[in-house]
Amino acid sequence: RVLGVQGFIESGYVFLPSDAEWVEDFLSECEKFTATDSHKHDDQVDAFVHCVNELTSNANILDIL
């Protein structure tokens with residue numbers, strides 16, 4: 001699921017607020033995420049991927065960017 005949005009993320013289309021109190025926990029979970037599902041937690045990653053998929057499924061997303 002993450003591989004499906006990885007290119008969009010790596011292209012710089014995703015921005016996180018640097019001063020939000022949840023960012024550190026979110027990034028920690030993202031860093032521990034593995035393709036083999038050996039990670040313990042992925043709730044935030046799942047929600048993030050769902051959000052990116054929803055936004056990119058809109059045919060006009062590139063008009064926003």
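Cys30 is partly exposed, with a relative accessible area of 27%, where partly exposed covers the range between buried (under 20% relative accessible area) and exposed (over 50%), using a 1.4 Å probe and protein chains only. Cys51 also counts as partly exposed, at 39% relative accessibility. The structure holds 0 disulfides, a disulfide being a pair of cysteine sulfur atoms within 2.5 Å. As a reminder, a disulfide is a covalent bond between the sulfur atoms of two cysteines.

The model discussed here is predicted, with local features needing pLDDT of at least 70 and side-chain atom pairs counting only at pLDDT 80 or more, while totals for chains, interfaces and linings use all residues. Residues are numbered from 1 along each chain as its sequence is written, and side-chain values use heavy atoms, leaving out hydrogens and water.

The chain has 4 helices and 0 strands; both are DSSP runs numbered from the N terminus, helices being H or I with at least four residues and strands E with at least two. Read from the N terminus on, the elements follow the order α-α-α-α. Of the 65 residues in the chain, 20% are buried. Among contacts with a separation of 6 or more, 50% come from residues 24 or more positions apart, a contact meaning heavy atoms within 4.5 Å.

Helix packing comes next. Two packed helices are described by the angle between their axes and the distance between the axes. Helix α1 (residues 3-13) and helix α3 (residues 43-57) pack at an angle of about 75 degrees, and their axes are 10 Å apart. This makes α1 roughly perpendicular to α3, since angles of 65 to 115 degrees count as roughly perpendicular, those under 35 as roughly parallel, those over 145 as roughly antiparallel and the rest as oblique. The axes are lines fitted to C-alpha atoms, for helices over the stretch in contact, and angles run from 0 to 180 degrees between N-to-C directions. On the α1 side, Val5, Phe8 and Ile9 meet Phe48, Val49, Val52, Asn53 and Thr56 of α3. The residues of this contact divide into 6 nonpolar, 2 polar and no charged; here Ala, Val, Leu, Ile, Met, Phe, Trp, Tyr, Cys and Pro count as nonpolar, Asp, Glu, Lys and Arg as charged, and the others, Gly among them, as polar.

Helix α3 also packs with α2, at an angle of about 95 degrees and with the axes 8 Å apart. Here α2 is therefore roughly perpendicular to α3. Asp25, Phe26, Glu29 and Cys30 of α2 make the contact with Asp43, Gln44, Val45 and Phe48 of α3. This set holds 4 nonpolar, 1 polar and 3 charged residues. Cys30 belongs to helix α2 (residues 23-32), and its C-alpha is 9.9 Å from that of Asp46, 16 residues apart in sequence.

The aromatic side chains complete the picture. There are 3 aromatic pairs, counted when rings of Phe, Tyr and Trp (its six-membered ring) have centres within 6.5 Å; planes under 30 degrees apart count as stacked, over 60 as edge-to-face and the rest as tilted. The ring centres of Trp22 and Phe26 are 5.9 Å apart and their planes stand at 75 degrees, so this pair is edge-to-face. Trp22 is partly exposed at 40% relative accessible area, whereas Phe26 is buried at 6%. Ring pairs join Trp22, Phe26 and Phe48 into a cluster.
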